[in-house]
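Trainee: Could you pick one part of this model and take me through it closely? I'd like the cut-offs too, as you go.

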Amino acid sequence: MTVSASLLATAAVLCAVGGILMLTRPLTRILLGAVIAGNGINLLVLSATGRAGREPLLYGVPLRQVTDPLPQAIALTAIVITLATTAFLLAMAYRSHQLTGTDEVHDDLEDRRIALRAEVLGERDELREQYRSVSERTPEERARYREERRRLRARLRADRALQARGRDATGDLWHDVLGADPEDYATKRNTGTDADRGDTG
């Protein structure tokens, strides 16, 4: 089986560029990376067929001259899957830009909370070791130790408050999963004030 070196080089470059783009934060670059990497993988699959041959008919064609139809069928299936993935990522990018004004993917709050807790616990252990290593503790050192402990606890409390605000759900499944439009929030605010005015008046 003969494989074109230029086809393999092109496929490798497309896969590398697509992989680099998919490691970025903006969803539009991730979308472009998925499309480019999908095209590169399709080229790799098609290069596995070898050189072009005769059509894979059932009768009248020698088997040695027939092109393998399996990689072509796999590439066709991959094109359909890439199209569905592209539509999904495009919808996510549009929705993210509509709600937040940017399509950048932010860090997961739970991962940030775990990392912050590990960092605070590490700093607290170091602070405790430094405090215990001192043989004679002055009142200033005790006050500084307590102040540092308060600062570390305040960092954890602030992060818990941020988590609580992030988990504030409206109870509407559609809005909690996909997010409500900014116009919906404005409409609810206006109708709520009008209702309040009507009740009080």
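Mentor: Let's start with what is tucked away in α3: P71, A75, T82, L89, A93 and S96 are buried (under 20% relative accessible area, 1.4 Å probe, protein chains only). Keep in mind that this is a predicted model, where local features need pLDDT of at least 70, side-chain atom pairs count only at pLDDT 80 or more, and totals for chains, interfaces and linings use all residues. Numbering runs from 1 along each chain as its sequence is written, and side-chain values use heavy atoms, leaving out hydrogens and water.

The partner for those buried α3 residues is α2, residues 27-47, against which they pack (contact is heavy atoms within 4.5 Å). As for its geometry, α3 covers residues 70-100, 31 residues in total, and helices here are DSSP runs of H or I, at least four residues, numbered from the N terminus. From first C-alpha to last, α3 reaches 44 Å, close to the expected 45 Å (1.5 Å times one less than the number of residues).

Elsewhere, the count of cavities of 30 Å³ or more comes to one (points on a 1 Å grid over the protein atoms alone where a 1.4 Å probe fits but cannot get out; lining means an atom within 4 Å of a point). The largest cavity holds about 30 Å³, and L127, Q130, Y131, R144 and Y145 line it. Two or more of these lining residues come from each of α4 (109-133) and α5 (139-166), with α4 giving the most, three.

Terms used: Buried means under 20% relative accessible area, exposed over 50%, partly exposed in between (1.4 Å probe, protein chains only). On a 1 Å grid over the protein atoms alone, a cavity is a set of points where a 1.4 Å probe fits but cannot get out, and a pocket is an open set with protein on both sides within 12 Å along at least five of seven lines; lining residues have an atom within 4 Å of a point. Grid points are joined across faces, edges and corners, and a volume is the space filled by probe spheres set on the points.
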